Amino acid sequence: QSTPQLFSKSALESDGARLFTHAVFEEFQEEYKCSTNTLTSRGFSESNNMELNTVKDALRNRNFIVQYNPGTLESSCTCKLFERRGVPCRHILWIYLGNGLEKIPESSFAKRWTKDALRDIKSNHKGCVGVGDVDIIDKKQIEMTKLWSEVHETMGVLIGREKEHVEDLCKLIKEFREKLLPSVPPMTKHQELEELFGCATNNEITILPPKISKNKGSGKRMLSNKAKVVACASKPKRMCNNCKQMAHHDKRNCPNPFVERPPQNVDDEEEEEEEEEEENEEDELED
């Protein structure tokens with residue numbers, strides 16, 4: 001990988017460029033820039049071999065407390081950036097710069113953000129095994145690595161050879177695989193599912209109808225226009241107080257214009273009101 005562009009000639013920033021991946025180094029470099037421009041000291045004290053530094057952040061207008069152990073180089077900050085992101089914060093870097101550190105301590109970065117995070121057992125074309133961060137090497141894994149190396153070398157030799165040589169190699173591999181695997185008939189779909197889930201399938205499946213829930217408004221159906229006409233035609237006709245005709249409407253929804261009539265006696269008005277109330281009651285009962 002290429003070396004990213006550095007902000008300064010500081011050994012601490014150079015160590016971050018060597019240590020972190022490019023994406024994480026951009027975040028680290030931003031924290032390093034802020035540590036050199038926006039921070040000032042507001043207090044210092046010691047307690048149990050720990051240095052307590054109060055650092056003021058001008059961008060956030062807040063004070064943060066950094067605990068630093070000069071013996072073990074362990075540090076922590078109240079901003080909790082390292083716990084959240086795995087990258088040392090600007091306040092911790094400011095303490096490192098003040099103490100003249102040239103390398104980032106191992107306790108101040110998460111290994112998953114480093115360039116060596118994927119180091120593991122590696123093999124070359126000769127079958128040699130290179131050990132990175134693995135302490136205990138599995139012998140079977142080493143032999144598998146050697147086997148893959150032999151396969152790659154053999155495939156390289158077969159390039160440009162006759163077709164018969166490739167067929168002979170395929171035949172040898174197939175015979176060796178059949179010798180390792182026992183002669184087992186192919187599994188059915190049910191057997192594959194049983195092996196996948198680790199339990200036998202039930203041949204008898206009983207599905208019961210779901211329970212009917214009675215919600216508000218359930219059981220009613222909106223009628224179509226045709227059904228409304230048929231239902232209205234089946235009702236008996238009655239006298240309309242407006243047009244004085246036998247029809248399926250009353251004075252409230254009469255299609256004819258309002259007919260003005262001369263004033264009547266009080267008894268007649270009471271009779272009309274009683275008739276209208278009776279019609280309203282009949283409509284409610286029919287609905």
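**Close-up 1. The hairpin of β1 and β2.** Strands β1 and β2 form a hairpin with 2 residues between them. In its turn, Asn 48 has a positive phi of about 55°. β1 covers residues 39–47 and β2 covers residues 50–57. The two strands pair in the antiparallel sense over 8 bridges. Gly 43 stands opposite Thr 54 in β2. Strands (E, at least two residues) and helices (H or I, at least four residues) are DSSP runs, numbered from the N terminus. Two strands count as paired if DSSP finds at least two bridges between them. This is a predicted model: local features need pLDDT of at least 70, side-chain atom pairs count only at pLDDT 80 or more, and totals for chains, interfaces and linings use all residues. Residues are numbered from 1 along each chain as its sequence is written, and side-chain values use heavy atoms, with hydrogens and water left out.

Close-up 2. β2 and β3 run antiparallel, joined by 7 bridges. Val 66 in β3 is the bridge partner of Asn 53.

Close-up 3. Tyr 68 has Ser 75 of β4 as its bridge partner. Gln 67 stands opposite Ser 76 in β4. Between the strands of this hairpin are 6 residues. Leu 73 takes a positive phi near 65°.

**Close-up 4. The open sheet.** Its 4 strands have the order β1-β2-β3-β4, with antiparallel pairing. β1 and β4 (75–77) are the edge strands, each pairing on one side only. The twist averages 20° from one strand to the next. Axes are lines fitted to C-alpha atoms, for helices over the stretch in contact, and angles run from 0 to 180 degrees between N-to-C directions. In a regular strand, side chains alternate between the two faces of the sheet.

Close-up 5. Arg 18 forms a salt bridge with Asp 15. Their closest N and O atoms are 2.6 Å apart. Both residues lie in α1 (residues 11–19), 3 residues apart, about one turn of the helix. A salt bridge is a side-chain nitrogen of Lys or Arg within 4 Å of a carboxyl oxygen of Asp or Glu. A search of the whole structure finds 7 salt bridges.
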